[in-house]
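Here is a friendly walk through one model, from helix packing to sheet order and a few backbone details. Have the viewer open as you read.

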Amino acid sequence: MLVKTYGSAIIGVNAVTVTVEVNVCSGVGFSMVGLPDNAVKESTQRITSAFEQSGYKVPGKRIIINLAPADLKKEGTAYDLTIAMGILGGNGDINAEDLDKYVIMGELGLDGSLRPIKGVLPIAIEARRQKCKGIIIPAANAREAAIVNNLEVYGANSLKEVIAFFNGTGSIQQTVVDTRAEFANSLNNYEFDFADVKGQESIKRALEIAAAGSHNVILVGPPGSGKTMLAKRMPSILPPLTLGESLETTQIYSVAGKMRKEDSLISIRPFRSPHHTVSDAGLCGGGSNPQPGEISLAHNGVLFLDELPEFKRTALEVLRQPMEERRITISRAKMTIEYPASFMLVAAMNPCPCGYYNHPTIECTCPPGSVRKYMNKVSGPLMDRIDLHIEVTPVPVTDLGKTQPSESSAAVRERVLAARAIQTERFKNNPGVHCNAQMTSKLTRQHCVLTDECRNIMEQAMDRLGLSARAYDRILRVSRTIADLEASPDIKPHHLQEAITYRSLDRDSWGR
């Protein structure tokens, strides 16, 4: 008897429907075709044991399984349940009438239990697109899939439960999630707050500007000056995720298998902080079974690179294209996968190998030329793509002893939201551009018009600091953001002067 069941294959951050055709006929033998990898081929052993523990046996007949489309490689253990239900249906052990109405996926344990799988959200989205009645998956993944509306989601704990569901001898509780209510309840639930930071008012101001325009930032300062502490609080002053952004981010985390059982939506902007030993593929994505990298996991959030010069040069150079295009393309011989990578880069580094160059009280012990050599570990093109260079100095003891709380992240976020609202109105006719940092050169010339006084200030700064053309544009964009924070329609001289101070690493005197 020929039976069809349906599963899905993950390509990038999207799913493609896979038809599992199972023919149980006269003869002896077991064959599986359709480019299954070793994990899929090994499903026969898991299925055999799961059947025995559930009171069934693999039919002593000829079993032919085809995974269509046959030219698409099938990977992973998520097809266990799909194949098992096809075999049971083909042998007449279950009522196969409704099998083709559901997408069925899950990894089987030897005892017949169902284990969680990756990529459930894109699988559920594809099932709805294909107008399936519902999706049957492991219970641990049910909440994640249930955020997709107009789709019945059933989370099962074992093979026995799924068999009973189709035979009508038992039922599986349908999982229902109110997506909007779930999203609203978990908004603004931040672990860190700027109110905990003592002093560093100028640094907070720079980070507020960065958040208002989504500008990339590098913090340069000695050990213990608070660079990491400040960076960890960046998500708390960024605008809250929209529901669309939340779904995008959740889809990436679902494919990467990083969703927790109790979560259904990622509602807080991601903060990713990879160690400096991360590989190129770990940062940008890829591998033998392509997976999203850290820059995609930071999509719609913050990518924090601590000890920037300690990262491999090749890994850092990978960042250059995604920072401009806000996506990363992984090209292989047989496929090309595109992952979203719209992130805000926050980097931190010591000013020199010993860490105390320009320290107010501790003398730098580095030999001549070592500071410049240390800075050169970060390429000029990458540094040019970072809008704000901020020097972080140690907090005075008098500030550490203050008992009154600092300004909260919520208060800063209100100003950021006001500036972002101005930018949303400004770019309403420019698809793909949402904030000042995303302006093209054409838009920069259109929205960053300088007066004669401002033009003279820029010319002097360019001559004195030796800035590149890209740095010129970035200063204009930062000054536009500073003006937006003041709700000023025009860029004024003090806006421009403040923006120029945030290019400290471009100064000729740095490291001399």
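Axes here are lines fitted to C-alpha atoms, for helices over the stretch in contact, and angles run from 0 to 180 degrees between N-to-C directions. Please keep in mind that this is a predicted model.

## Helices H3 and H6

With that in hand, take H3 and H6: their axes lie 11 Å apart, and the two helices pack at an angle of about 45 degrees. Angles under 35 degrees count as roughly parallel, over 145 as roughly antiparallel and 65 to 115 as roughly perpendicular, with the rest oblique. H3 and H6 are therefore oblique to each other. The crossing of H3 past H6 is right-handed.

On the H3 side, the contact is made by Leu81, Ala84, Met85 and Leu88, while H6 brings Leu159, Val162, Ile163 and Phe166. Sorted by class, this contact of H3 with H6 holds eight nonpolar residues, with no polar and no charged ones. An α-helix has 3.6 residues a turn, so residues three or four places apart point the same way.

Helix H2 spans residues 43-53, and its buried residues are Ser43, Thr44, Arg46, Ile47, Ser49, Ala50 and Phe51. Which elements cover them? Among them are strand E3 (29-33) and strand E6 (107-108), together with helices H1 (38-41), H3 (80-90) and H6 (159-167). Just after H2 comes Gly55, with a positive phi of about 90 degrees.

## Strands E8 and E9

Strand E9 (residues 152-156) is mostly covered, with four of its five residues buried. Strand E8 (residues 134-138) pairs with E9 in the parallel sense, over five bridges.

Five strands form an open sheet in the order E11-E14-E17-E10-E18, with parallel pairing. Strand E11 (271-272) and strand E18 (388-391) stand at the edges; each has a single partner strand, so one side of each is left without a neighbour in the sheet. E11 and strand E14 (residues 302-305) pair in the parallel sense over two bridges, and Arg272 stands opposite Leu303 in E14. H8 packs on the sheet, where it touches strand E10 (217-220), strand E17 (344-349) and E18, and the direction of H8 makes about 165 degrees with that of E18.

H8 (residues 201-213) also meets helix H18 (residues 409-426): their axes come within 8 Å and cross at roughly 35 degrees, in a right-handed crossing. From H8, the residues in contact are Glu208, Ala211, Ala212 and Gly213; from H18, they are Val412, Arg415, Val416, Ala419, Arg420 and Gln423. By class, the contact of H8 with H18 has five nonpolar, two polar and three charged residues.

## Backbone details to check

Most residues other than glycine have a negative phi, and most peptide bonds are trans. Where does the model depart from this? One place is Leu35, which has a positive phi of about 60 degrees although it is not a glycine. Leu35 sits in the loop between E3 and H1 and, at 43% relative accessibility, counts as partly exposed.

Arg326 also has a positive phi, near 60 degrees, and its place is in the loop between helix H14 (320-325) and strand E15 (327-331). Is Arg326 buried or exposed? At 18% relative accessibility, Arg326 counts as buried. As for peptide bonds, the one from Ala68 to Pro69 is cis, with omega near 5 degrees; Pro69 lies in the loop between strand E4 (62-68) and H3.

Technical notes:
Residues are numbered from 1 along each chain as its sequence is written. This is a predicted model: local features need pLDDT of at least 70, side-chain atom pairs count only at pLDDT 80 or more; totals for chains, interfaces and linings use all residues. Side-chain values use heavy atoms; hydrogens and water are left out. A crossing is left-handed if the near helix is turned anticlockwise from the far one by less than a right angle, and right-handed if clockwise. Contact means heavy atoms within 4.5 Å. Ala, Val, Leu, Ile, Met, Phe, Trp, Tyr, Cys and Pro count as nonpolar, Asp, Glu, Lys and Arg as charged, and the others, Gly among them, as polar. Buried means under 20% relative accessible area, exposed over 50%, partly exposed in between (1.4 Å probe, protein chains only). Two strands pair if DSSP finds at least two bridges between them.
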